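Here is a short report on one protein chain. The sequence and the model come first, then the details.

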Amino acid sequence: MASGHLRLKDQPPAERPRERLVQRGPEALTTAELLAILLRTGHRGANAVEVGHELLRRFGSLHGLAQAKLEELQEVKGVGRDKAVTLVGAFALARRLVEERVEESEPLNHPEAVARLVREQARLCTVETFWVALLNTRHRLIKLERISQGTLDTILVHPREVFRPAVAAKAAAVVLIHNHPSGDPTPSEADVRVTRDLVRAGQVLRIEVLDHVIVGRATAGRSRDYISLRELGVMHV
């Protein structure tokens with residue numbers, strides 16, 4: 001990454017963001033360095049990477065930067081109209097990519113599809129972890145949010161944490177998901193109680209809770225590694 005006010009073109013080639021991306025791939029670059037590639041140049045006193053850092057500082061995060069308007073971007077020194085247009089265009093393409101992936105994803109209207117979504121993550125969890133899958137009106141995934149992690153056999157889940165991201169994402173429905181590190185996906189009384197509380201909260205917000213899927217491990221006597229509380233008929237309130 002750049003240091004001082006050295007212009008990127010004056011740095012050794014191996015240290016320039018563009019050359020590093022070619023040699024090592026985009027994963028090797030920081031967010032500020034990726035922004036520098038879009039910006040191309042900085043201004044007198046700060047190179048493009050430093051302007052990238054200033055953008056992230058000004059807007060708080062990459063998400064905040066993605067929501068910024070053209071006029072707001074141009075308030076940052078070194079970001080003129082053309083650079084602001086480039087940034088807005090790049091974030092618009094990123095959003096369209098996400099929308100395209102959502103449209104191509106399978107509907108999460110069956111517990112097997114839900115289990116496939118988190119199975120690999122769940123296998124790595126040594127404590128109970130709670131996720132919520134945010135869905136659009138066609139029950140396709142908008143985003144998978146991890147809500148909480150607990151001790152070996154207990155998690156604390158509050159409706160506020162579950163539905164805050166759902167409201168922000170304008171989700172039409174959600175699926176609740178958590179793992180049982182013991183391997184046995186059989187729901188506890190607490191699992192059922194929390195599910196019913198969340199179903200009630202969803203009704204108030206008009207966000208349907210489609211299911212609560214608990215992921216464990218398959219055994220010789222248990223062919224499925226998950227259980228659906230909807231299939232068990234215990235989600236009614």
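## A helix against the sheet

Val 192 lies in helix 9. Helices (H or I, at least four residues) and strands (E, at least two) are DSSP runs, numbered from the N terminus. The model is predicted: local features need pLDDT of at least 70, side-chain atom pairs count only at pLDDT 80 or more, and totals for chains, interfaces and linings use all residues. Residues are numbered from 1 along each chain as its sequence is written, and side-chain values use heavy atoms, leaving out hydrogens and water.

Val 192 has a relative accessible area of 15%, so it is buried. Buried means under 20% relative accessible area, exposed over 50%, and partly exposed in between (1.4 Å probe, protein chains only). Beyond residues up to four places away in sequence, Val 192 touches Pro 187, Leu 229 and Val 234. Contact here means heavy atoms within 4.5 Å. Val 192 and Leu 229 are 37 residues apart along the chain, and their C-alpha atoms are separated by 7.8 Å.

Helix 9 covers residues 189-205. It lies across strand 1, strand 3 (173-179) and strand 4 (208-215), and runs at about 160° to strand 4. Axes are lines fitted to C-alpha atoms, for helices over the stretch in contact; angles run from 0 to 180 degrees between N-to-C directions.

Leu 205 also belongs to helix 9. Leu 205 is partly exposed, with a relative accessible area of 42%. With Val 167 and Val 204, Leu 205 makes a nonpolar surface patch of about 290 Å². Patches are made of residues with over 30% relative accessible area and no salt bridge; like charges are joined within 9 Å, and nonpolar side chains (Val, Leu, Ile, Met, Phe, Trp, Tyr) within 5 Å.

## The sheet

The protein chain has 10 helices and 5 strands. An open sheet of 5 strands has the order 2-1-3-4-5, with mixed pairing. Its edge strands are strand 2 (141-149) and strand 5 (226-228), each pairing on one side only. From one strand to the next, the twist averages 20°. Two strands pair if DSSP finds at least two bridges between them.

Strand 1 (residues 129-135) and strand 2 run antiparallel, joined by 7 bridges. Ala 133 has Leu 144 in strand 2 as its bridge partner. For Trp 131, the partner in strand 2 is Arg 146. The two strands form a hairpin with 5 residues between them, and His 139 in the turn has a positive phi of about 65°.

## Salt bridges

The count comes to 13 salt bridges. A salt bridge is a side-chain nitrogen of Lys or Arg within 4 Å of a carboxyl oxygen of Asp or Glu. Three of them are listed here.

| Pair | N to O distance |
|---|---|
| Asp 225 and Arg 119 | 2.6 Å |
| Glu 145 and Lys 143 | 3.1 Å |
| Glu 54 and Arg 58 | 3.9 Å |

What does the pair of Asp 225 and Arg 119 tie together? Asp 225 lies in the loop between strand 4 and strand 5, and Arg 119 in helix 7, so the pair ties together parts that are 106 residues apart in sequence. Both Asp 225 and Arg 119 are buried. Helix 7 covers residues 111-123, and Arg 119 has 15% relative accessibility. Arg 119 touches Glu 112, Asp 225 and Tyr 226, not counting residues up to four places away in sequence. Glu 112, Arg 116, Arg 119 and Asp 225 are linked in a network of salt bridges.

Glu 54 and Arg 58 both lie in helix 3 (residues 48-59), 4 residues apart, about one turn of the helix. Glu 54 is partly exposed at 26% relative accessible area, and Arg 58 is partly exposed at 36%. Lys 143 counts as partly exposed too, at 46% relative accessibility.

## Helix 4 and the chain overall

Ala 66 is found in helix 4 (residues 62-67). At 16% relative accessibility, Ala 66 counts as buried. Ala 66 touches Phe 91 and Arg 95, not counting residues up to four places away in sequence. Ala 66 and Phe 91 are 5.8 Å apart in space, C-alpha to C-alpha, and 25 residues apart in sequence.

Of the 237 residues in the protein chain, 41% are buried. Among contacts between residues at least 6 apart in sequence, 59% join residues at least 24 apart. The chain exposes about 13,700 Å², and carbon and sulfur atoms supply 53% of it. Accessible areas come from the Shrake-Rupley method with a 1.4 Å probe; for residues, only the protein chains shown count as cover.
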